[in-house]
Amino acid sequence: MADIQGSYDDLFTAVPSALAGFLDDGDVGASVAVFVDGEPVVDVWGGCADADRTIPWQRDTITNVFSVTKTMTALCALVLADRGDLDLAAPVGRYWPEFAAAGKENVLVRHLLAHTAGLPDWDGPIEEVYDWPAATARLAAQAPQWEPGTAAGYHSLTQGFLVGEVVRRITGRSLGGFFAEEVAGPLGADFHIGLPAEHDHRVALTVPPPSQDEDYAASAPGGSASPAAGTTVRVRDGNSVAWRRAQIPAASGFGNARSVALVQSVLACGGAVRGVRLLSQAGCDRAREEQFNGEDRLLGMPVRWGLGYGLFGNTFGWGGWGGSIVMIDPEERMAVAYVTDQMREPAGDNRGLELVMAAYDGLKGLRA
């Protein structure tokens, strides 16, 4: 059985056991954390941080969590809304005047968070996502693909630039800078959007699914979606130094399960964790305000979108390309995070769900 490092409450043994099972099945490396009431009841890791399996996954190993980054970007917007600096019902053009072009005058900030703005495709060269002014100027000039607010289509790469530019116009700071100073810093969370070079030695590069190579490209999990019209993101892009340095707030966040669960515990615990208050209870509740319920045009499956989060019954959260995930349950004051360097094909990947269910098994004992 795979060697699992870290610590966990005995009631939650099913979580490290599940992680060991994934590693025994061939996964390279991963970390899992379960926080209840803002404190870890599981903080474990195992496997390796490189495809050749020569570097053990360490306590401070970090990796690209891809779209789990969207939950961090959403939290920044919710913080600004809670402070009264951002009106989620206002037109985006109020904060970013150049955006109100090509039929986007009625795009609201909440449409950006809910994937209903009509700008789902990145259609520029991949190199342009590393250039913030060029990326945001391209999006400001685009026409929406549908009437904003009437349909949802997953803004896989574009959402971070759209929300991030609104944050930048309000605060004068980049999304990554705002997140570092207002969220990660106060919480002591090891999560980064725009990774400085001094952290490179800790990064576990993404490993494509078995039988795939670094040209493996992102695709929608649902079967009925039409192929994305935009530029393809490949594993080699996500593993590049340019990707790490850039701020791509929908997809280029680097962290581990501990840091993801710690940050998102803010929403599980009414806005405050470890004596640090980032949101009011009302500000937390805003994340779960349903903005769309139906089939997502790009994902090809039914989705309920809140403000920056997918809604799943009483829980909410989101997953990233390759398998990383975060799930938040405010009723149980629990956040579960799984961060892995090992991709699997989306259609057959239930690892995150299995770990969430294992966490609930432990919670039953804790609440008994």
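Visitor: How many helices and strands does the protein have?

Guide: Helices (H or I, at least four residues) and strands (E, at least two) are DSSP runs, numbered from the N terminus. Here the protein has twelve helices and 15 strands. The model is predicted: local features need pLDDT of at least 70, side-chain atom pairs count only at pLDDT 80 or more, and totals for chains, interfaces and linings use all residues. Residues are numbered from 1 along each chain as its sequence is written, and side-chain values use heavy atoms, leaving out hydrogens and water.

Visitor: At what angle do H2 and H6 pack?

Guide: Axes are lines fitted to C-alpha atoms, for helices over the stretch in contact, and angles run from 0 to 180 degrees between N-to-C directions. H2 (residues 69–82) and H6 (residues 158–171) pack at about 30 degrees, axes 10 Å apart. That makes H2 roughly parallel to H6 (angles under 35 degrees; over 145 is roughly antiparallel, 65 to 115 roughly perpendicular, the rest oblique).

Visitor: Which residues in H2 and H6 meet?

Guide: Contact means heavy atoms within 4.5 Å. Lys 70, Thr 73, Ala 77 and Leu 80 in H2 meet Gln 159, Val 163, Val 167 and Thr 171 in H6.
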